[in-house]
Every structure is written in C-alpha cells, then in structure tokens.
Amino acid sequence: AIYRYILENGSKDRVPLSEELSFIKDYFFLHKIRDDGKIKLDIKVNETDNSEILPVSLQILVENAIKHNKATRESPLTILIFIENSHIVVKNNLQKMAQQLKSTQIGLRNLGQRVSLVTGKALIIEETTGEFIVKIPLL
C-alpha cells in the first residue's frame, strides 16, 4: 500500500490531506512494528478537513525525524502532527544522536522547493533546544 501510494501520487502536485494522513498511518505502522515503544506518532487533525497537501511531504518529515533522532523506550521520539494557521505542522522532540549522521539537508531543501513551486509560500523550519518543527502550507 505504501509503495503504491508513492507511485500513484509522487508526480502529482496535491492530494487530499485525508489521503496523506492515511498514508502516514500506514507508513508509521511499519516503524511501530520495528521500533515498538520507542517512537510515538500523535495526529491531531480533523479527518473531515478538506485541505490538500503535497503528496509524500509528511512522510519525508516523519522519516527525517526518525533518521536524525535517537529513540528508546525510556526516552521515546514523539512526533506530533496538527494544523495551525493554514499550515500542517510536524513537530518532534529533539534527541540528536551522539554520532550524528551527516545531514545533507537535501530532503528538506527539495521539499522546500516543491512547496514554493506549488503553493508560492515558504516551508517554515524552526529548531529550538528541545524541538524540531516544520510547517507546510495547506492548499
């Protein structure tokens, strides 16, 4: 189902937010099996929201959070997805790994370019001492 979603929607400019959220739940389910109890996903979005979003954009951000943060049962990685001021927000607690992977920022840069082309708006990226937050404009 995950691979099919990417193939069917990867070249589109937009998909319904509800479809993207359903895809994220399927994608996260696989991580949950592998990392049981170490990673938590909390989606606080009204399922009837008629907004649209760039396809696979939430997956890029969830994958980014998992890739760059350590997660244990005692100190889980918590990813929160919610809507704020016509943006979908993906926020996670910052738990950088001791041996940090060299980040090329290509994923975020490419997503930022796609967001700019399709929406005419900027991808908002914020990092505090404890959180990493990315805001994508909804369509």
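Me: Is Phe23 buried or exposed?
Reply: Phe23 counts as buried, because its relative accessibility is 2%. Buried means under 20% relative accessible area, exposed over 50%, and partly exposed in between, with a 1.4 Å probe and protein chains only. You're looking at a predicted model, where local features need pLDDT of at least 70, side-chain atom pairs count only at pLDDT 80 or more, and totals for chains, interfaces and linings use all residues. Residues are numbered from 1 along each chain as its sequence is written, and side-chain values use heavy atoms, leaving out hydrogens and water.

Me: How many aromatic pairs does a search of the whole structure find?
Reply: A pair of aromatic rings is described by the distance of the centres and the angle of the planes. Here the search of the whole structure turns up one pair. It joins Phe23 and Tyr27, with ring centres 6.4 Å apart and planes at 35°, so the pair is tilted. (Rings of Phe, Tyr and Trp, taking its six-membered ring, pair with centres within 6.5 Å; planes under 30 degrees apart are stacked, over 60 edge-to-face, the rest tilted.) Tyr27 is buried too, at a relative accessible area of 11%.

Me: How do H2 and H3 pack?
Reply: Two packed helices are described by the angle between their axes and the distance between the axes. H2 and H3 pack at about 30°, their axes 9 Å apart (axes are lines fitted to C-alpha atoms, for helices over the stretch in contact, and angles run from 0 to 180 degrees between N-to-C directions). H2 and H3 are therefore roughly parallel. The contact includes Phe23, Ile24 and Tyr27 of H2, along with Val62 and Ile66 of H3; contact means heavy atoms within 4.5 Å. So the ring pair Phe23 and Tyr27 turns up again in this contact.

Me: What is the order of the strands in the sheet?
Reply: Five strands make an open, mixed sheet, ordered S2-S4-S5-S7-S6 (two strands pair if DSSP finds at least two bridges between them). The edges are S2 (39–44) and S6 (124–127); each has a single partner strand, so one side of each has no neighbour in the sheet. Ignoring direction, neighbouring strands are turned by 15° against each other on average. Inside the sheet, S4 (residues 77–84) and S5 (residues 87–93) run antiparallel, joined by six bridges. Leu80 stands opposite Lys91 in S5.

Me: Which strands does H3 touch?
Reply: Helix H3 (residues 57–68) packs on the sheet and touches S2, S4, S5 and S7 (131–137), with its direction at about 150° to that of S4. Helix H4 (residues 106–119) packs on the sheet too, touching S6 and S7, and makes about 25° with the direction of S7.

Me: Which residues other than glycine have a positive phi?
Reply: One of them is Asn85, with phi near 50°. Asn85 lies in the loop between S4 and S5 and is exposed, with a relative accessible area of 66%. Val56 has a positive phi of about 70° although it is not a glycine. Val56 sits in the loop between S3 (52–53) and H3, and counts as buried at 11% relative accessibility.

Technical notes. Helices (H or I, at least four residues) and strands (E, at least two) are DSSP runs, numbered from the N terminus. Angles under 35 degrees count as roughly parallel, over 145 as roughly antiparallel, 65 to 115 as roughly perpendicular and the rest as oblique.
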